[in-house]
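The exercises below are meant to be worked through with the structure open beside the text. Each one sets a task and is followed by a solution that goes step by step.

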Amino acid sequence: MADFNIDSAFIPALHKPAALLPIAKHRESLLYVVETYPVTIVIGQTGSGKTTQIPQFLERAGWCSDGKIIGVTQPRRVAATTVALRVAEEVGCEVGKEVGYSIRFEDVTSAATRVKFMTDGLLIREALVDPLLSRYSVIMVDEAHERSTSTDILLGLLKKIRRKRPDLRLIISSATLQAEEFLSFFTQPTEETAPPGAGGEEKHETAKIVSLEGRTYPIDILHLESPAEHYVEKAVETVFDIHSQEGDGDILVFLTGREEIDHAVQEIAERAAQAGSRYGAIQPLPLYAGLSTEQQMYVFDKAPKGTRKVICSTNIAEASVTIDGIVYVVDCGFVKLRAYNPTTGIETLTAAPVSKASASQRAGRAGRTRPGKCFRLYTQQAFEALPEANPPELQRSNLGPVVLQLKALGIDNVVRFDFLSPPPAELMSKALELLYSLGALDDYAKLTRPLGFRMAELAVEPMMAKTLLSAPSFDCLGEMLTIAAMTSLGGSVWFHHDGEQKQMESSRRKFAAEEGDHLTLLNAYTAFVTTGRKEARFCRENNLNFKSMTRAVSIRSQLKRYLERFNIFVDESPASRQPAAEADQGRKAERIRRCLTSGYFAHAARMQADGTYRNVEGGTVLQAHPSSLMFNRKADWVIFHEVMETGEKTFIRDVTKIEKGWLLELAPGFYKVTDSRTS
DNA sequence: CTCATCCAT
């Protein structure tokens, strides 16, 4: 009995009893506010229990007694499912009964469901069918401070719906002090409701802020005395300072991207090897979304006894992934942000200083299980100068999908939609132009019938939606469904372990199509579902990401069902899948390339003598991304799925060869007369 | 010779 250990003798409870959560003592006042005010803004730190407890309070207080239900939205799928599981456990029911969740491809609800967790994007789609969201008595929008595109649109919609449904209660939950912004948004009358002068009295009765204290441990925050020149080097140094001078506990290092992370991990491993066993072992691990699920799982494994885990991560560990046992956080002070340039139509991905909100969220990751420390690799003055929050996504995105969705929701005047933060006019007009050129909007900027309405209903971006809806006329619908599903995976199709890049390249060559990436993706998918029998083994043998391929199967069948609703049917009879003669295959490939051109004509480029591409305006130098089959291959005209500027270079991804004449033929409005300079 | 993070009956 000498080695009796109290830690292994007791198993810690999975969850704290709800009554111990700080929120419990706010129950009465919270219910009073929800009863009295149409909109409640809840400020609650992580650990306050707001997400799990508030829906239960409401349900027990009778908010579902008239057959209506309580909806809780999350910006992420994992959050929607895990919170639902946890609340079901607390309530003591099976998930899908009284407590359920609904995300794309997974509806775990039933007639008995009274509390429903879901992604905010899904609730927007529900509004297409039920514009007043009449099933719900209360809608809680969680993590609203993240200001994702779908959260922002949802808030605008809910404000509009509330006017027609005074009985509807809204709860907006936010982790930071941005609550005032939500308050003024919901108390400000919209132009439609308020004649000038009215509405002042309403201001006091519409919305109210409620603050809940969190239950995290204290965190010491330390800043640098003078700025660091190279934050990656400084981060590595800081890791070793912690390792040699601080007590035990794992370290989480925030960096901006894959390159920095791989470098830091390698550096830490090398230095640890040099230092020998003076301070105990150290285990550096990378974490970013581009890793396979399997590689990501390592960060959750407990390090061997006496070994300190150091996780070098992107922003994924700021809110999406939570790792237990982190006591020290090292914050480099930067984050990669995406922005869309409406003049060039090109997205950029660049490192920018984090916001104060992000910095405190990062620090908070140190205090989840016991008191922690956060080392910021910037000065106190630099911190003070940081913006409160980053600009919301809606103000720096391609708004094509947003405009399409708003129009489908019956909001014709999208410019006057009540945005929490209106996007710049240039983004709006660029989106309208694109949708007009695709034929989704008419001369009066109204959604066309049937094309525009159908495009809005398909869950793919506008250019692909147009391509898909053109596919029957090119007799390649089955193939296009596959290509749409594969491109929407966003580059996670191919997969390789460290140092096996060569092997992956040769695997990919087996599926390679001379015409480019789209047909290569089609070949890979076809092989997966036929000879591969949708099995994981086939993926392992061919360096394909099994999870992604399985998802492609789901997306494809969902898109197929949509089209069937429009009375567009795909011939998938065995006869249609017979391998065709070579000449037929060539003709089929050409039909597919023409069809792609009918949707992606605005994404056309021509190769120059030096191997780079120029877009149609001629101003921008584009390069095939190294992950593209067209990297280092000759072409003339091409279309591409995506363009992104990172650092010095502007890359195009998913590239397919076309012929110049097709542009004029398939997009005569966009490419008017032959320009002698480009011919 | 390479890309932050999410989401959609």
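Two residues are said to be in contact, or to meet, when heavy atoms of theirs lie within 4.5 Å. The model used in these exercises is predicted.

**Exercise 1. Find which residues of helix 6 meet helix 7, and describe how the two helices cross.**

Step 1. Using that cut-off, Leu155, Gly156 and Lys159 of helix 6 are found to meet Phe182, Phe185 and Phe186 of helix 7. Sorted by class, the residues of this contact are four nonpolar, one polar and one charged.

Step 2. Two packed helices are described by the angle between their axes and the distance between the axes. For helix 6 and helix 7 (residues 179–187), the axes come within 10 Å and cross at roughly 35°.

Step 3. The crossing in which helix 6 passes helix 7 is right-handed.

**Exercise 2. Describe the crossing of helix 5 with helix 6, and list the residues that meet there.**

Step 1. The axes of helix 5 (residues 120–129) and helix 6 (residues 149–164) cross at roughly 40° and come within 9 Å. That angle makes helix 5 oblique to helix 6.

Step 2. Helix 5 passes helix 6 in a crossing that is left-handed.

Step 3. On the side of helix 5, the residues in contact are Asp120, Gly121, Leu123, Ile124 and Ala127, and they meet Ser150, Thr151, Ile153, Leu154 and Leu157 of helix 6. The classes represented in this contact are six nonpolar, three polar and one charged residues.

**Exercise 3. Decide whether helix 14 and helix 15 are roughly parallel or roughly perpendicular to each other.**

Step 1. The axes of helix 14 (residues 400–408) and helix 15 (residues 425–437) come within 8 Å, and they cross at roughly 75°.

Step 2. Angles of 65 to 115 degrees count as roughly perpendicular, and helix 14 and helix 15 are therefore roughly perpendicular to each other.

Step 3. In this contact, Gly400, Val403, Leu404 and Lys407 of helix 14 meet Met428, Ala431, Leu432 and Leu435 of helix 15. These residues divide into six nonpolar, one polar and one charged.

**Exercise 4. Work out which residues come nearest to DNA strand B, and which polar atoms lie close to its phosphate and base atoms.**

Step 1. There are 33 residues around DNA strand B, and of these Arg77, Leu122, Lys336, Gln501 and Arg653 come nearest. Of the atoms of DNA strand B that come within 4 Å of the protein, sugar and phosphate account for 65%.

Step 2. At the phosphate, an oxygen of DNA strand B lies 3.2 Å from a backbone N or O atom of Arg104.

Step 3. At the bases, a nitrogen of DNA strand B is 3.4 Å from a polar backbone atom of Ala459, while a base oxygen is 3.3 Å from an N or O atom in the side chain of Arg565. Helix 5, strand 14 (334–341), helix 22 (546–565) and strand 21 (649–658) are the elements that give two or more residues to the surface near DNA strand B.

Step 4. Taken by class, that surface has 13 nonpolar, 11 polar and nine charged residues.

**Exercise 5. Locate Pro450 and Glu143, and describe the backbone at each.**

Step 1. Most residues other than glycine have a negative phi, and most peptide bonds are trans.

Step 2. Pro450 is placed in the loop between helix 15 and helix 16 (451–457), and the peptide bond that leads from Arg449 to Pro450 is cis, with omega near 0°.

Step 3. Glu143 is placed in the loop between strand 6 (136–141) and helix 6, and its phi has a positive value, near 55°.

Technical notes: Residues are numbered from 1 along each chain as its sequence is written. Chains are lettered from A and ligands numbered from 1 in the order in which they are written. This is a predicted model: local features need pLDDT of at least 70, side-chain atom pairs count only at pLDDT 80 or more; totals for chains, interfaces and linings use all residues. Side-chain values use heavy atoms; hydrogens and water are left out. Axes are lines fitted to C-alpha atoms, for helices over the stretch in contact, and angles run from 0 to 180 degrees between N-to-C directions. Helices (H or I, at least four residues) and strands (E, at least two) are DSSP runs, numbered from the N terminus. Angles under 35 degrees count as roughly parallel, over 145 as roughly antiparallel, 65 to 115 as roughly perpendicular and the rest as oblique. A crossing is left-handed if the near helix is turned anticlockwise from the far one by less than a right angle, and right-handed if clockwise. Ala, Val, Leu, Ile, Met, Phe, Trp, Tyr, Cys and Pro count as nonpolar, Asp, Glu, Lys and Arg as charged, and the others, Gly among them, as polar. A residue is near a molecule or strand if one of its heavy atoms lies within 4 Å of it. A polar contact is a pair of N or O atoms within 3.5 Å; within protein, one must be able to donate a hydrogen and the other to accept it, and residues adjacent in sequence count only if both atoms are side-chain atoms.
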